[in-house]
Amino acid sequence: MIPAPATTPPTQPIRGGGCPRGGGQARCYALPACTEAVVSNSTITCIVPVCHRDTSVLFDPGSTYSYVSSYFASHLGVYRGSLSFPVYISTLVGDSLIMDHMYWSCLIALSGFETKADLLLLSMVDFDIILGMDWLSPHYVILNCHAKTVTLAMPGLP
């Protein structure tokens with residue numbers, strides 16, 4: 001377990017910057033290049049510990065699911081399993097992708113608070129991880145794109 005810094009309570013914002021079938025298709029927005037994401041007020045990126053490794057993360061409320069890059073997936077050290085049904089992804093540029101592998105229970109540490117995410121395997125180069133609504137919503141995440149902050153506002157956190 002990663003101890004929380006004494007000066008950073010879990011509800012304090014984190015500064016970012018830097019670099020099923022049946023319910024309809026999931027969305028995965030076409031990703032901006034890393035340099036575009038850094039200067040844009042519409043994205044939040046930062047370095048976050050995932051499975052105890054510093055990781056380039058994009059927080060994306062426009063994405064239904066969360067993803068891990070093919071390159072970074074080999075460093076996770078968690079179970080990779082096949083899905084019982086494929087997940088169909090549509091991109092903004094009209095491409096369709098079929099996902100059938102997931103990395104289960106990947107540890108994500110924010111402000112000293114540990115959470116877990118299930119990550120679909122996606123070929124991408126600009127980010128190691130994309131955290132979508134399947135992770136953002138249950139953790140009551142508040143994104144402030146202007147200030148480039150991520151706040152965990154889960155009930156029961158001090």
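Q: In this predicted model, which residue in the turn between strand 10 and strand 11 has a positive phi?
A: Let's start with the hairpin that strand 10 and strand 11 form, with four residues between them.

Q: How many bridges join strand 10 to strand 11?
A: Strand 10 covers residues 141–144 and strand 11 covers residues 149–152. The two run antiparallel. The number of bridges joining them is four.

Q: Is Val150 buried or exposed?
A: Val150 lies in strand 11, where Leu143 stands opposite Val150. Buried means under 20% relative accessible area. Val150 has a relative accessibility of 1%, so Val150 counts as buried.

Q: What separation do the C-alpha atoms of Val150 and Ile44 have?
A: Along the chain, Val150 and Ile44 are 106 residues apart.

Q: Is Ser69 buried or exposed?
A: You can find Ser69 in strand 5, residues 67–69. Leaving aside neighbours within four places in sequence, Ser69 is in contact with residues including Leu121 and Phe127. The relative accessible area of Ser69 is 1%, under the 20% cut-off, so Ser69 is buried.

Q: Why does the pair of Phe59 and Trp135 count as tilted?
A: A search of the whole structure finds one aromatic pair. The ring centres of Phe59 and Trp135 are 6.4 Å apart. Planes under 30 degrees apart count as stacked and over 60 as edge-to-face. The planes here are at 45 degrees, so the pair is tilted.

Conventions:
Residues numbered from 1 in each chain as written. Predicted model: local features only at pLDDT ≥ 70, side-chain atom pairs only at ≥ 80, totals over all residues. Heavy atoms only, no water. Pairing = 2+ DSSP bridges. Buried < 20%, exposed > 50% of the residue type's maximum accessible area, 1.4 Å probe, protein only. Contact = heavy atoms within 4.5 Å. Phe/Tyr/Trp six-rings, centres within 6.5 Å; stacked < 30°, edge-to-face > 60°.
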